[in-house]
Structures are given as C-alpha cells and as structure tokens.
Amino acid sequence: MNELNLPAYDVKLRGTRQKPEILDFLRRRYVALTPEEWVRQHFTHWLVEHKGYPAGLLANEVALHCGEKVLRCDSILYNKVVQPLMIIEYKAPTVPLTQRVFHQISAYNLLLHVDYLVVSNGLQHLCCRMDYTTQSYTFLQAVPDYADL
C-alpha cells in the first residue's frame with residue numbers, strides 16, 4: 001500500500017494476497033483492504049492516538065437514509081450526546097481532493113448539519129468549519145484536536 005502523510009501504526013492484516021483484509025478497530029472486525037480503507041484506518045488511528053478523539057464517538061461506514069436512497073458516510077464523529085459533529089470522507093491516495101469530493105460530503109451534510117467537514121486522501125487533509133448563521137464555511141489550517149472542537 002501507499003505511504004501516507006499520516007503516522008504509522010501497528011497495522012493488523014490477514015487474508016490472502018488476492019483478498020487482503022485490515023482490522024477496523026472501530027467496527028472491531030476485518031474488512032477488505034482497499035486503498036480507501038488504508039487511508040481510513042490510518043486517519044482514524046491518527047485522530048484517536050494523536051488528536052485525542054474518543055474512539056467511542058467515532059463510527060465508520062454509517063448509513064444515511066434519504067427517502068428510498070441509502071448513502072454511506074465514511075466516518076462520523078459524534079458529540080457526547082450522540083449528535084453528529086464531523087463528517088469525514090476518504091479517497092484513495094491517487095484521487096485528488098476536488099470540488100466533486102466536497103459536493104459528495106456536502107450531500108451528506110444536508111441530512112446531518114455537522115460543524116466540521118473533513119476530506120482526506122491520506123496525503124492531503126482538508127477541514128472546513130460550517131457557519132449556518134451566515135451560510136458559509138471556513139477552511140481551517142489543519143484538522144483540529146478534539147479538545148479544540
């Protein structure tokens with residue numbers, strides 16, 4: 001897998017060369033190892049181990065129901081009263097973070113109305129804070145520590 005702009009951690013792999021799996025510590029099970037999953041696991045470990053995010057408030061692959069359609073958020077951070085606070089969207093390291101990626105995460109936010117939107121391809125991480133009063137957003141210099149949310 002690609003080297004990322006995220007700290008290494010003790011990766012747990014299993015499976016075969018044709019069907020490798022990686023342990024998702026949030027879901028407590030092995031999942032198919034794809035380039036996007038490689039980014040997700042490194043990013044969530046970084047949030048928990050280096051940014052102080054409580055693992056118990058993070059969830060991966062969260063289904064959102066919009067009428068007959070089901071959308072899947074890559075990760076959601078909840079606050080202590082289990083309201084969504086941040087949506088995180090991951091892309092493979094080869095996928096540039098374009099306006100199209102933000103359109104995707106913005107669609108999820110129409111349902112959730114979170115304070116923070118984050119996108120990462122493992123090499124670049126972008127975070128913006130929503131301001132619903134002025135119907136605007138501000139890109140932050142970095143993904144904030146949990147204590148600063």
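This is a predicted model: local features need pLDDT of at least 70, side-chain atom pairs count only at pLDDT 80 or more; totals for chains, interfaces and linings use all residues.
Now widen the selection to both strands. β7 covers residues 116-120 and β8 covers residues 125-131. They run antiparallel, joined by 5 bridges.

Next, show the whole sheet. It is open and has 6 strands, in the order β4-β5-β6-β7-β8-β9. The pairing is mixed. Go to the edges: β4 (58-66) and β9 (136-139) each have a single partner strand, so one side of each is left without a neighbour in the sheet. Neighbouring strands are turned by 35° against each other on average, direction ignored.

Select residues 35-51. This is helix α1, which lies across β4, β5, β6, β7 and β8. Its direction is at about 145° to β6.

Move to residues 99-112, helix α2. This helix packs on the sheet and touches β4, β5, β6, β7, β8 and β9. The angle between α2 and β6 is about 155°. Check its length: at 1.5 Å a residue, 14 residues should span 20 Å, and the end C-alpha atoms of α2 are 20 Å apart, which agrees.

Which residues of α2 are buried? Select V101, F102, I105, Y108, N109 and L112. They cover an arc of only 120° around the axis, which puts them on the same side of α2. Their cover includes β4, β5, β6, β7, β8 and β9. Turn to the other side of α2, where R100, H103 and L110 are exposed.

Finish just after α2, at H113, which takes a positive phi of about 55°.

Methods
Residues are numbered from 1 along each chain as its sequence is written. Side-chain values use heavy atoms; hydrogens and water are left out. Two strands pair if DSSP finds at least two bridges between them. Helices (H or I, at least four residues) and strands (E, at least two) are DSSP runs, numbered from the N terminus. Axes are lines fitted to C-alpha atoms, for helices over the stretch in contact, and angles run from 0 to 180 degrees between N-to-C directions. Contact means heavy atoms within 4.5 Å. The expected span of a helix is 1.5 Å times one less than its number of residues. Buried means under 20% relative accessible area, exposed over 50%, partly exposed in between (1.4 Å probe, protein chains only). The arc is that of the directions from the helix axis to the C-beta atoms.
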